[in-house]
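Here is a short briefing on one protein chain. Look at the sequence and the structure first, then read the points below.

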Amino acid sequence: MEISLHNQVAVITGASSGIGSGIAKSMASAGATVVINHSSEHSLDEAKAVLQEITDAGGNGITWQCDVSKEDEVIKMFSEVVSQFGTVDILVNNAGVQKDAKFTEMTLDQWNTVIGINLTGQFLCAREAIKEFLRRGIDTSRSVACGKIIHMSSVHEVIPWAGHANYAASKGAIRMLMQTLAQEHGADRIRVNSICPGAIQTPINKSAWSTPEALNALMTLVPYNRIGQPQDIGNLAVFLASDLSDYITGASIFIDGGMTTFESFSTGG
């Protein structure tokens, strides 16, 4: 069954590489006009490369620079996207960073940077998206839902992660943010869900898969015995943004090759 997002506009934050780029390509392939958000001039070339791949395949989109932790920049991004395309139908809150340290050595700057992008950024973008959804209302020529938000969480919303307290805390908080928004705006027909990836082959975790030794060690945590790809996440994101998933809201969907079954306990722990 072909899933169509034709006539819909999707804002994907942190879409210049990794999971975000995979989602942007998948949504463009399904017919959405994609806004490829990137955080700085440093990531502009990567964002342009993603857009070029999309347009070469017949898709449509733009790049947009915005630091999602900055309120004024987020407000401007949504205002300009609505001005250019008429509305926003889909938000994928994907932008995220890691600043890892032992807990007693973690600086306030490391804590604030991760919380600012991973959590506050998701709050700011979701707020502006919901304002636009409510302004527009339901347009059944676009979707039976008023709007769709997909938060990018992680298996670490349920799996503690020593040495990554800021990251794990941000992902645990995303679960409550997502469920609260789904509860608060369900009657408005706004659907809000989270994708919780496990080990995905992206630059952010290159040290975990870049050598055969590292990859073999990683696979001891993954029963399905392969590392995930950005397209795996993209496929799920397209489904969650489509009308085929219209009765799914308030859900954390784990896409992790079985990591959350805790394979280390398969032989008794």
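Predicted model: local features only at pLDDT ≥ 70, side-chain atom pairs only at ≥ 80, totals over all residues.

The protein chain has 7 helices and 7 strands.

**The whole chain**

- From the N terminus on, the elements follow the order β-α-β-α-β-α-β-α-β-α-β-α-α-β.
- The radius of gyration is 18 Å, close to the 18 Å that the globule rule gives for 269 residues, so the chain is as compact as a globular protein of that length.
- Along the principal axes, the C-alpha atoms fill a box of roughly 55 × 45 × 40 Å.
- Take the contacts between residues at least 6 apart in sequence: 74% of them join residues at least 24 apart.
- The accessible surface comes to about 12500 Å². Carbon and sulfur atoms account for 53% of that surface.

- Strand β2 covers residues 33-38. It is mostly covered, with 6 of its 6 residues buried.
- Which residues of β2 lie on each side? T33, V35 and N37 are on one side, and V34, I36 and H38 are on the other. Both faces are covered.
- β2 pairs with β1 in the parallel sense, over 4 bridges.
- Within β2, V34 stands opposite A10.

**Helix α7**

- Helix α7 spans residues 230-241, which makes 12 residues.
- How far apart are its end C-alpha atoms? They are 16 Å apart. At 1.5 Å a residue the helix should span 16 Å, so the two values agree.
- The buried residues of α7 are P230, I233, G234, L236, A237, V238, L240 and A241.
- An α-helix has 3.6 residues a turn, so residues three or four places apart point the same way.
- What do the buried residues of α7 pack against? Their partners are helix α1 (18-29) and the strands β4 (90-93), β5 (147-152), β6 (190-197) and β7 (252-255).

**Two serines**

- S16 sits in the loop between β1 (9-12) and α1.
- Is S16 buried or exposed? Its relative accessible area is 11%, and buried means under 20%, so S16 is buried.
- Leaving aside neighbours within four places in sequence, S16 is in contact with S21, I36, N37, H38, S43, E46, A47 and V50. Among them, I36, N37 and H38 belong to the covered strand β2.
- S266 lies in the segment after β7.
- S266 has 56% relative accessibility; the cut-off for exposed is over 50%, so S266 counts as exposed.
- S266 and V192 are 74 residues apart along the chain. Their C-alpha atoms are separated by 34 Å.

**Salt bridges**

- The structure holds 12 salt bridges.
- D67 forms one with K70, and their closest N and O atoms are 3.6 Å apart. D67 counts as buried at 19% relative accessibility. K70 is partly exposed, with a relative accessible area of 38%.
- D89 forms a salt bridge with R136, with the closest N and O atoms 4.0 Å apart. This pair links distant parts of the chain, 47 residues apart. D89 is in the loop between α3 (71-85) and β4, while R136 is in helix α4 (residues 108-136). At 3% relative accessibility, D89 counts as buried.
- D246 forms a salt bridge with R189, and the closest N and O atoms are 3.4 Å apart. D246 lies in the loop between α7 and β7 and R189 in the loop between α5 (165-185) and β6, so the pair ties together parts that are 57 residues apart in sequence. D246 counts as partly exposed at 25% relative accessibility. R189 is also partly exposed, at 38%.
- Salt bridges can share partners: E71, R127, E128 and K131 are joined this way into one network.

Terms used
Residues numbered from 1 in each chain as written. Heavy atoms only, no water. Expected span 1.5 Å × (residues − 1). Buried < 20%, exposed > 50% of the residue type's maximum accessible area, 1.4 Å probe, protein only. Contact = heavy atoms within 4.5 Å. Salt bridge = Lys/Arg side-chain N within 4 Å of Asp/Glu carboxyl O. Rg over C-alpha atoms; globule rule 2.2 N^0.38 Å. Areas by Shrake-Rupley, 256 points an atom, 1.4 Å probe, with all protein chains shown as cover. Pairing = 2+ DSSP bridges.
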